[in-house]
Amino acid sequence: MSSKTWDYIAKIVMIGDSACGKSSLTVRLTDNTFSDTHDVTIAAEIGSKIVPVDDSIFIKLQIWDTAGQEHYRAVTRSYFRNATGCLLVYDVTRRETFNHVQEWLADLRAQADPEICVLLVGNKCDLSDTQRQVSVQEAREWAAANGLMDFVETSAKTGDRVEEAYLQVAREIYYKIKGGKFDINDRTHGIKINNTKYGSQTVGINLESKSHGDLKVKGKCC
Ligand code: G3D
Ligand code: MG
């Protein structure tokens, strides 16, 4: 168990096509490991991590790692509800996964809170020198044109920018909490505030997570 206490819990969903690295990114964040052999996600799994967002303020990210396969779509859509943050993942070495991000975003926006903080993530940047199929500029422009908070390239394999990606989403969520965009008394926002610290408030998330730890911010770049 982590000794760190959290101020808020926020629900984050991982979405995007199969095999882009959604599970690998989640495991890299929560366990700081990468495995070449992996189990395909069935419907969804949950991981968690406590991250710092401000002086002495911590958010526990409850990460719903969803399956990208078409036959789980109906199920994964139901996980979009209550989400306050999202990593929309594609694979920089497979063009078709980027072609599908528009569809994933439309699906997400049809279900989720309009204030949801969405980060576009181009994963597998360790392969970008030889196998890149989507340019940084194109992805950045698409993210801006579609109202996403930002775009980042990551590698779950090397760890490059993985923590930063989640941290960026956590910070954005915190700014929105501070700015009153997420009403912590409204269950649909999927934010839980620490009752011990702040008194009794409404809880929008109630599942137990499988792992957690503390995050150190690194200044790495792909
Ligand atoms: P998903 O959860 O989006 O379906 P996974 O994707 O995390 O299961 O990863 C799919 C495959 O991509 C896995 O390989 C995994 O090892 C690999 N992968 C994930 N992230 C990276 C990365 O950053 N760099 C590289 N080079 N590979 C990555 P297999 O061979 O098991 O299918
Ligand atoms: Mg998976």
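Predicted model: local features only at pLDDT ≥ 70, side-chain atom pairs only at ≥ 80, totals over all residues.
Reader: What makes up the protein, in helices and strands?

Author: The protein has 8 helices and 7 strands. It has 222 residues, and 53% of them count as buried.

Reader: Why is A139 called buried?

Author: Buried means under 20% relative accessible area. A139 has 0% relative accessibility, so A139 counts as buried. A139 sits in helix α6, residues 136-145.

Reader: Which residues are in contact with A139, leaving aside its neighbours within four places in sequence?

Author: They are Y90, F98, L120, V134 and F151. Each has a heavy atom within 4.5 Å of A139, because that is what contact means.

Reader: Why is N194 called buried?

Author: The cut-off is under 20%. N194 has 9% relative accessibility, so N194 counts as buried. N194 lies in a loop, between β7 and α8.

Reader: How do you know that N194 and W6 make a polar contact?

Author: A polar contact needs N or O atoms within 3.5 Å. The backbone oxygen of W6 lies 2.6 Å from a polar atom of the N194 side chain. That distance is within the limit, so the pair meets the distance test.

Reader: What makes the span of helix α7 close to the expected one?

Author: Helix α7 covers residues 162-178, which is 17 residues. At 1.5 Å a residue, 24 Å is expected. From first C-alpha to last, α7 reaches 25 Å.

Reader: How do you know that α7 is mostly covered?

Author: Of its 17 residues, 12 are buried. Among them are V162, Y166, V169, I173 and I177. After α7 comes G180, whose phi is positive, near 75 degrees.

Reader: What does α7 give to the largest nonpolar core?

Author: This core has 33 residues. I59, L87, Y166 and I173 have the most contacts inside it. α7 gives the most to this core, with 9 residues. I173 touches A10, I12, I59, T84, G85, C117, F182 and I191, not counting residues up to four places away in sequence.

Reader: How many aromatic pairs does the structure hold?

Author: The structure holds 4 aromatic pairs.

Reader: Why is the pair of W64 and Y79 called tilted?

Author: Planes under 30 degrees apart count as stacked, and over 60 as edge-to-face. W64 and Y79 have 50 degrees between their planes. W64 lies in strand β3 and Y79 in helix α2, so the pair ties together parts that are 15 residues apart in sequence.

Reader: Why is the pair of F98 and W142 called edge-to-face?

Author: The planes of F98 and W142 stand 70 degrees apart, and the centres 6.2 Å. The angle is over 60, so the pair is edge-to-face. F98 lies in helix α3 and W142 in helix α6, so the pair ties together parts that are 44 residues apart in sequence.

Reader: Are F98 and W142 buried or exposed?

Author: F98 has a relative accessible area of 5%, and W142 has 13%. Both values are under 20%, so both residues are buried. Ring pairs also link F98 and W142 with Y90 into a cluster.

Methods. Residues numbered from 1 in each chain as written. Chains lettered and ligands numbered in written order. Heavy atoms only, no water. Helix = DSSP H or I, 4+ residues; strand = E, 2+ residues; numbered from the N terminus. Buried < 20%, exposed > 50% of the residue type's maximum accessible area, 1.4 Å probe, protein only. Expected span 1.5 Å × (residues − 1). Core = buried A, V, L, I, M, F, W, Y, C linked by side-chain atoms within 4.5 Å. Polar contact = N/O pair within 3.5 Å; in protein donor to acceptor, adjacent residues only side chain to side chain. Phe/Tyr/Trp six-rings, centres within 6.5 Å; stacked < 30°, edge-to-face > 60°.
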